Amino acid sequence: MRQLLDEAAKGGYGVGAFNVNNMEQIQAIMEAARETKSPVIVQASRGARSYSQDRFLYHLMLAATELYPEIPMVLHQDHGNSPETCKSAIAMGFTSVMMDGSLMPDGKTPSTFEYNVSATREVVEAAHAKGVTVEGEIGCLGGIEDGHGAGVDALSHLTDPDQAVEFVRLTGVDALAIAIGTSHGAYKFSKKPTGDTLKMDRLIEIHRRLPTTHLVMHGSSSVPKDLQDIINQYGGKLKPTWGVPVEEIQLGIKNGVRKINVDTDSRLAITGAIRKVFWEKPEEFDPRSYLKPAREAMKKVVAQRMTQFGQAGHAGDYVPIPLDEVARGYQQHLAA
Ligand code: 13P
């Protein structure tokens, strides 16, 4: 992933990191990547790994690399709760891991700065030895994802810029997730966010202090009204809600954001498409009759984000560097 993010920094664009649990989601992302000629980050949370029993996910990813050889792709562990989780992902062949030491291994309790540094440092050492990239997190996101998250108010644990600088220096992470008022899931904001609820000024300040660190925006689904409407039109019961406007993400990309995490928008697209089939054709019982439109709906929203983040058109810019070569690069950097 380090190479993808370095290339994105050179080109001044962002790369979407899309969550997956199953075959249809991987296919949707790869089709969107092919259509828009985008490099891509596919990510799996701990919940996704357990849902797919790891090996299914791994072989689906291998199939994706076989079928889409022209697309540079990363398999990333989203929100690793402990060094052990990250190490198991590395052993399985993930090319990037997130060590979320902002929370304790229970994935719920905010941790201390010292714990975060020590757990993240441990993962950086293990990962870099294998050429694998590490994302760390400082500050806590709001909401809960796959059982992971403090469930705190999104503004109560914002990233402190001084701590961010110190954290990067002490850990050597390749990318840094920051808390600027976003949260996981569909219910991020009760109205269109303003500077009081989505702290883009904080992001800009962190980028000013860490101009060469790749920043990561979590909780970055835009929760579009049209996708909410489809769900509600066909029997769903979503409450009114707002996500992160795409123009704010684009402002982030101008200020050091290279990885943008998106899961909820895909979930909304899939659910809306399935509900529509169930509503309109209650006699249907072939899973393909609803999974196919679901896959198509996810592909559409992912392709749109790829274009909006600027990664579209960049798949052919470079050839992925093998992990052992990346590992040698990290070693030389350390020795220098
Ligand atoms: P969303 O819930 O906004 O899609 O965020 C996903 C995410 O940050 C995964 O780590």
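The second largest pocket is lined by 35 residues, and Pro224, Lys225, Asp226, Leu227 and Gln228 are those that lie nearest its centre. Two or more lining residues come from each of helix 9 (225–233), helix 10 (246–254), helix 11 (264–280) and helix 12 (287–309). The structure is a predicted model, in which local features need pLDDT of at least 70 and side-chain atom pairs count only at pLDDT 80 or more, while totals for chains, interfaces and linings use all residues. Residues are numbered from 1 along each chain as its sequence is written, and side-chain values use heavy atoms, with hydrogens and water left out.

On a 1 Å grid over the protein atoms alone, a pocket is an open set of points with protein on both sides within 12 Å along at least five of seven lines, a cavity is a set where a 1.4 Å probe fits but cannot get out, and lining residues have an atom within 4 Å of a point. Points are joined across faces, edges and corners, and a volume is the space filled by probe spheres set on them. Helices (H or I, at least four residues) and strands (E, at least two) are DSSP runs numbered from the N terminus. In the table, Ala, Val, Leu, Ile, Met, Phe, Trp, Tyr, Cys and Pro count as nonpolar, Asp, Glu, Lys and Arg as charged, and the others, Gly among them, as polar.

| Space | Volume | Lining residues by class |
|---|---|---|
| Largest pocket | about 1,100 Å³ | 22 nonpolar, 13 polar, seven charged |
| Second largest pocket | about 700 Å³ | 17 nonpolar, seven polar, 11 charged |
| Largest cavity | about 50 Å³ | three nonpolar, six polar, two charged |

Gln228, one of the residues nearest the centre of the second largest pocket, lies in helix 9. Leaving aside residues up to four places away in sequence, Gln228 touches Val223, Leu238, Lys239, Pro240 and Thr241 (heavy atoms within 4.5 Å). With Thr241, a polar atom of the Gln228 side chain lies 3.0 Å from the backbone oxygen.

In the largest pocket, with its volume of about 1,100 Å³, the lining has 42 residues, of which Arg2, Gly131, Thr133, Val326 and Tyr330 are the closest to the centre. Helix 13 gives the most to this lining, with eight residues.

There is one cavity of 30 Å³ or more, and its lining includes His79, Asp100, Glu137, His148 and His184.

An oxygen atom of the ligand is 2.8 Å from a polar backbone atom of Gly185, and a ligand oxygen atom lies 2.6 Å from a polar side-chain atom of Ser221. Altogether 16 residues surround the ligand, each with a heavy atom within 4 Å of it, and the closest are Lys188, Gly219, Ser221, Asp263 and Thr264.

Helix 5 (residues 83–92) has Pro83, Thr85, Cys86, Ala89, Ile90 and Met92 as its buried residues, and these pack against helix 3 (46–51), helix 4, strand 3, strand 4 (96–99) and helix 6. Just after helix 5, Gly93 takes a positive phi of about 115 degrees.

Note on methods. Buried means under 20% relative accessible area, exposed over 50%, partly exposed in between (1.4 Å probe, protein chains only). A polar contact is a pair of N or O atoms within 3.5 Å; within protein, one must be able to donate a hydrogen and the other to accept it, and residues adjacent in sequence count only if both atoms are side-chain atoms.
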